[in-house]
Amino acid sequence: MDKHNSSELLSSDFSLSKNASSDSLDSDSKSSSLNSKHGQDSPHVLGDIYLLDGEKVTSVARDVTYLCPYSGPSRGVLKVTNYQLHFRPTDAVPSQGTLSVPLGVVSRIEKVGGASSKGENSYGIEIFCKDMRNLRFAHKQENHSRRGIFEKLQQLAFPLSHRFPLFAFSYSESFPEDGWHVYEPIAELRRMGVNNDMWRITRINDKYEVCDSYPSIWAVPAAANDDLLRAVASFRSRGRIPVLAWIHPSSQATITRCSQPLVGVSGKRSREDERYIQLIMDANAQAHKLFIMDARPTANAVANKAKGGGYESEDAYQNADLVFLDIHNIHVMRESLRKLKELCFPQIDQTRWFSGIEATCWLKHIKCILAGAVRIVDKVENHKTSVLVHCSDGWDRTAQLTALAMLMLDPYYRTLRGFEVLIEKEWLSFGHKFQLRIGHGDERHSDADRSPVFVQWVDCVWQLQQQFPTAFEFTERLLITIVDHLYSCRFGTFLFNTERERVKEEVKTKTVSLWSYINSRQDLYLNPLYWGPSSFGASSPPSPYSRPQVVLVPVASLRLIKLWKALYCRWNPTMRQQDPIYQRTRELVALRAQLEAAAAAAAGDHAARQHRLGLTPPRVASPHHV
């Protein structure tokens with residue numbers, strides 16, 4: 001059996017050593033956070049740790065006990081590097097493997113017990129993680145090891161709070177492909193057919209002066225001059241004006257995105273904004289109406305008027321229909337995930353499993369996001385009508401809706417490389433605040449800006465995969481890998497809040513892209529059931545077995561939406577799949593490639609044979625004697 005799937009046989013609790021992979025379903029998602037290319041190509045090996053380029057051991061504590069909630073206590077050696085926490089058991093316990101956790105995953109660290117603590121394992125450290133688990137280590141008071149480990153963990157898990165750089169700026173591994181070149185905004189706009197008669201590319205924000213949270217390159221209506229764009233920016237929250245996200249290749253119906261208008265309680269109006277919205281509507285000749293999809297619940301949108309925000313009045317915006325999608329804010333989503341964690345870790349109460357899931361409202365929120373994206377798709381695809389999407393500031397729920405709708409509409413984004421482009425475009429370049437929402441290197445774990453907005457969107461993508469298993473070039477393994485490295489701080493991809501900040505911090509030259517890593521081992525993520533054209537090897541002819549790619553319209557119903565156990569429940573051994581599914585998937589991908597190559601060779605031989613027969617003069621029949 002493949003060594004990276006040994007965890008799926010439940011042979012260890014937290015197995016991330018070189019002979020085993022993650023205890024999650026994704027061997028790559030955790031071992032990638034640890035051992036580059038399965039821990040075999042790293043030039044740095046120190047004892048039992050495979051160190052990444054730029055990683056070094058900073059603290060060691062012996063005779064520490066890891067208190068596993070499933071297999072019980074295990075005594076061993078705890079090491080802290082500038083990237084990971086590493087625990088190797090010294091007990092000969094077959095159920096225990098090596099535990100390794102990237103420090104970027106850590107949300108907070110607390111001391112347990114004091115000098116007067118009595119009883120075994122009552123004195124130590126508890127680590128609360130962002131990936132739905134907690135870790136507890138017991139120290140012996142006489143060893144005086146807790147203080148040093150605690151201080152080093154605080155410093156290295158939250159480097160920005162202690163004025164140190166994130167690990168991504170120390171990590172320097174090279175890969176065959178530079179993932180920073182995956183997304184080129186001009187190339188992506190040209191793929192969609194821009195520039196054209198109705199839309200133009202502008203560099204008005206080249207120095208991020210019009211909107212500091214938008215990308216430097218936009219696509220806007222061709223009839224809108226730069227003065228109009230600046231005027232519109234002054235009427236939109238944070239200067240986030242409506243710009244093009246996606247354009248339908250045949251109908252020219254568009255999805256545009258922005259933030260709320262600054263209407264306020266007095267009902268302010270902006271002639272420039274109203275004219276600009278009309279230009280977006282006019283850019284689509286097949287419809288005389290525009291749908292404005294406001295992601296918020298109606299009550300929230302009304303309440304925002306008191307803060308100077310609000311929503312578009314249908315009286316002011318002629319031929320525009322306003323629809324509220326009833327998706328709740330970041331605080332509601334954060335609380336929902338907290339309840340889900342309590343349900344899934346450490347123990348699962350079998351008697352209240354379904355009622356517990358319902359009480360979290362997590363699946364209800366997933367349903368609302370999917371339903372909102374389906375409404376956008378319906379207007380664009382079936383009614384050939386353009387849609388404008390916004391929430392309050394346009395960087396949370398707006399990104400969820402536009403990226404999900406584009407995934408349903410455009411099969412390119414359902415390829416592995418296209419999915420990377422989609423994340424770069426709709427999430428990273430348009431300023432989803434990853435730093436604030438995730439808290440990279442920041443010890444303020446209770447910050448009100450923390451929220452699982454991006455993870456929630458990835459969950460929606462997984463729901464699409466479940467309903468359309470042949471429509472995606474990649475499997476859930478890619479999704480889990482992305483979520484793990486959202487936290488890990490090994491790569492520069494998800495660091496900082498905006499494109500402007502990443503340019504200022506020189507992320508593309510000083511850190512490694514996550515896509516470099518993923519694209520160097522793409523075979524791990526490919527879906528053997530995929531029927532569409534591949535995003536890799538574009539110069540090769542399309543497979544004769546590809547099927548026409550269609551628009552995906554999922555059923556946004558709680559009858560079909562499921563809890564993603566492979567992500568949320570992966571630390572619980574009783575909830576893991578016991579079949580080595582990832583190894584089987586890789587075998588199927590390889591087998592499919594072999595069969596397609598054999599079929600192509602046979603087809604070539606047949607064509608050559610037919611060609612030879614065509615060149616050979618016909619045989620003259622022998623005279624027939626009567």
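**Close-up 1. Glu274 counts as buried at 16% relative accessibility.** Buried means under 20% relative accessible area, exposed over 50%, and partly exposed in between, with a 1.4 Å probe and protein chains only. Arg269 is exposed, with a relative accessible area of 57%. The side chains of Glu274 and Arg269 meet in a salt bridge, 2.8 Å from N to O. A salt bridge here is a side-chain nitrogen of Lys or Arg within 4 Å of a carboxyl oxygen of Asp or Glu. Elsewhere, salt bridges with shared partners join Asp63, Arg75 and Lys140 into one network.

This is a predicted model, in which local features need pLDDT of at least 70, side-chain atom pairs count only at pLDDT 80 or more, and totals for chains, interfaces and linings use all residues. Residues are numbered from 1 along each chain as its sequence is written, and side-chain values use heavy atoms, with hydrogens and water left out.

**Close-up 2. Arg147 and Glu151 form a salt bridge.** Their closest N and O atoms are 3.1 Å apart. Both residues lie in helix H2, residues 146–157. They sit four residues apart, about one turn of the helix. Helices (H or I, at least four residues) and strands (E, at least two) are DSSP runs, numbered from the N terminus. Arg147 counts as exposed, at 60% relative accessibility. Glu151 counts as partly exposed, at 44%.

**Close-up 3. A salt bridge joins the side chains of Arg417 and Glu177.** The N to O distance is 2.9 Å. This pair links distant parts of the chain, 240 residues apart. Arg417 belongs to helix H11 (residues 416–429). Glu177 lies in the loop between H2 and helix H3 (185–191). At 24% relative accessibility, Glu177 counts as partly exposed. A search of the whole structure finds 28 salt bridges.

**Close-up 4. Helix H11 packs with helix H13 (residues 453–467).** The angle is about 145 degrees, and the axes are 13 Å apart. Axes are lines fitted to C-alpha atoms, for helices over the stretch in contact; angles run from 0 to 180 degrees between N-to-C directions. Phe419, Leu422, Ile423 and Trp427 of H11 make the contact with Val453, Phe454, Trp457 and Val461 of H13. Contact means heavy atoms within 4.5 Å. The contact residues divide into eight nonpolar, no polar and no charged. Ala, Val, Leu, Ile, Met, Phe, Trp, Tyr, Cys and Pro count as nonpolar; Asp, Glu, Lys and Arg as charged; the others, Gly among them, as polar.
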